[in-house]
Amino acid sequence: MMKKPMFSKLTGAIRNTALTAVIGAGALLTGCAATQPGSNQQGAESLPNGMKGDGHEYMLTVTRPNQLHVIDTETDQVLRSCDVPGTFGNGSIAISPDGRTAYVLTGMYENIYGFDITNCEITFSTHQSYDNVQVKSFISMAVSADGKELYTVQNPVRKHSDRFETMQPRLAVFDTSGGLKTQPVRTFPVDRRITKIAAMDNGEVVLGGGDLKAINPENGETRLITALQNWDRAPDKWVPPDAFAMHTMGEHVGEFIMPYFTIRWNGEPGDESKADFLWGHVRIDLKTGDVEMIETVPFEFIVFNWVTDPNDKNVVYGSFNQLSKHNFKTGETLGIHALDHTYYNINMTTDGKKVYVAGAGNTVSIHNPETLERIGYLKMPGDMSTSDLRLAVLK
Amino acid sequence: MALKKNKITRALLGTGVLTLAGLAPAQAQAADGESIIRDRCLVCHTDTGDASAPFSRISEQRKTPEGWMATISRMQQQRGVVISPEEKRELVKYLADNQGLAPAETQGLRYVLEKEPNVLESFDPLLQETCVRCHSGARIALQRRTEDEWKWLVHFHMGQQPTAELHAGARDRAWFDIALNQVAPKLGNDYAFNTEEWSQWQAVEKKSLDGRWAMSGYLPEKGQFDAVVVISQNDNDRYSVTLEGQYADGTPISGSGKAIVYTGYEWRGTLTVNGVKMRQVLAASEDGQTLEGRMYQRNDDVMGGKVIAVKNSAITAITPSYIKQGERKLLTISGNKLNGSISLGAGVKVISIIARDEERTVVIAEASRTAKVGSRDIKVGRTSADDLLAVYDELARVEITPSDSIARVGGAGGSIPKQKSWYRAVGYAAGADGKPGTADDLRLGYMPAQWSLKPFDEIAEHDNDIQYAGTIDNRGIFTPGDAGPNPERKMSTNNVGNLTVIGMVQDGDQTISAESHLLVTVQRFVRALID
């Protein structure tokens, strides 16, 4: 009963969003044509070792056909581009706590390569598929707080000679010192449909699926963090949430954030005129394990994710066709800035002075968090598609 | 991966053996379906040893010819099957004949085989949410499998399209469990492998379609046509076809080609008609006297329409299908073996016969001022057709078909051509209650209309979709804009648009218009034999 109205609601809501986009857009494109000559791989080649430690920050992303790029957030130039073996999958990246190793999911979601971002050296690799078992991971990669373990959620399917057999997904634990062609040291069964994962300081791994759970990667013990799909809210008051859990992020403030869409029926279920269409989110502090769950922001914006302002955790930014800024506490929209094309992904520096939007094209656009005005523009050598945009803080 | 390589090697080896044995392609073609399965499919599938289901998986499914073709193509493209075009054709024929669908099992679902555009489907919510969010419902409903086979199909999705359970409409529920444990058993029941319909159809003696037929139909570019179709049997289920006739305006329509009949009734014709390559997807009636379906351009399947062909004496159409009280007008009666006196029903007289042969009679008819409003049965000699002609007082409302439609940008140097859409206006009289839009409205049939476009809503107006999305001509054919990002548009968007199609029908001094929704969107990059 509840599923159906949700779809029509969602469509309606998207239409409203599109309308907002139109009205909010203004004279949007006029300033965008004169983009900075920007970028240049030239720079990357001429600065092979020009990296800095001591907390210097680099934004990482992947472009088609399959390259990992290291962007210096000080100069906003591509410093280094590393060729990733295999066919582009979805461009997922996980970064070691010391900021040195970037693990890239490749080979159509099956293989992982770990790169030393200072020199593109491949220090780790695994091909998750084996024998007649096809193993794919959807986004899900995380590195333990001590950097010693890499986690993925594996979705195995056995390929018999004349049929596929779906197998139970599992958390796979890799030893990051395993080198090349390494295999998991432990696996534990987990739910289906897990995408975003993150490692907490207490050693547990957050599993972002239908519900949010945490698993102990030592023994596979799993606990519920917060129910989403199986939440116990009255179905005549709330539509179960739909979380499009693409892109893991939050590393700049040490958190895991999962946005979702829901509808609150203030009148009869299905009565749109009295309903609130809302963005909700679950935010987990990876240091303390504290969990925040709240629905305040009106569903007037399409975003693929939120990124938290390090200077005020009530303030978040989202991107898609616009860059927008919101207050989670009040639900207030603090700013909207039209973008020149769709940007799936967003991230920030730890000082909160720059917002980066990327994905869905071959440009990275850099914005002032205060005004949302563009302060930089970077042309990448290929399409970022669904790729991650992640912050490496190099120690 | 090793497995795949191994498969390819073995398949290649199979081909090699054939070549070494000195079999020419013609001889390979003669191989029967079962030996092709043994040679080509048992590289991976197994011989079960069970005579009632000898081949693993293959023997537990029934499909349309297009369904089997798609399966074998997938095996070629993704599983490394090596099979010659001749063998493939032979195997599709064998499987469709022996594991096809009975006519009753395709009823109401043929639109997807016929490539009819803009069909609005309605299926059970469970199927709708699990399967139909990606596929047409007809694609599912045109397969018959054992419950286990439906379950293996769910497993297949997790292997072949592993992100399917993360899509909108899947990620908010336990999609795999629902598909496996609720949907597959339901499909095993609703679309079971063993059915009475199929048993009965297998027992029916299939009729040869050889003979002289009369065909009537509608093609969007030139309109209504009548033609004599001569079907000559060359071989078992293989025919050559000629088609000679004229459109309503007298323009000749002429073509020839060939056809294969699968499963005893599934006619698949390929013809060149007035220089254009066309396909026919028709179903033969059980008595072998009627062929009905759709004929469309091979390279532009939207551009086609319904056709019906009859072998016996029958009336297939009257054009136009309406006459107003007190009106005198030209009517064309189409059909086959039409001899004898013409009756157009109470209050409608034939004033004179303008032209006449056995397939087509053009008359001047007159409806009396007092002729009762309603539909009339038509008779020519002893041949009759019910409710074919409508006598009406005045046009009360118009409907545009289709009510919702999609066109797609294309061309502009890209490999995917534009996908057009086309519209017709259907007139209605108010019926006995004098109120249009009620159950007793009298359908008059297709009426000529003037066509125009307007923005569908304020967003479309703001984005000036009307300038970019395309144009509609005086035949009601909409041609979308060029493909690719358009720097003139907001965010360099494509020439997409949200439009309203307006059809304006003139009836005497009266003008009535109606609207239909048209979404102009981007190309379809993945095309399936069955959508």
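A polar contact is taken here as a pair of N or O atoms within 3.5 Å, where, within protein, one atom must be able to donate a hydrogen and the other to accept it, and residues adjacent in sequence count only if both atoms are side-chain atoms. The structure is a predicted model, in which local features need pLDDT of at least 70 and side-chain atom pairs count only at pLDDT 80 or more, whereas totals for chains, interfaces and linings use all residues. Residues are numbered from 1 along each chain as its sequence is written, chains are lettered from A and ligands numbered from 1 in the order in which they are written, and side-chain values use heavy atoms, with hydrogens and water left out.

In chain A, His337(A) belongs to strand β24 (residues 333-338), strands (E, at least two residues) and helices (H or I, at least four) being DSSP runs numbered from the N terminus. A polar atom of the His337(A) side chain lies 3.5 Å from the backbone oxygen of Leu372(A). His337(A) counts as buried because its relative accessibility is 16%, the limit being under 20% relative accessible area (1.4 Å probe, protein chains only).

In chain B, the largest nonpolar core has 65 residues, of which Phe225(B), Trp267(B) and Leu291(B) touch the most other members; such a core is a set of buried Ala, Val, Leu, Ile, Met, Phe, Trp, Tyr and Cys residues joined through side-chain atoms within 4.5 Å. Helix α10 (residues 175-190) of chain B gives the most to this core, with eight residues. Another core, of 27 residues, lies apart from it and includes Ala390(B) and Leu442(B).

Key. Buried < 20%, exposed > 50% of the residue type's maximum accessible area, 1.4 Å probe, protein only.
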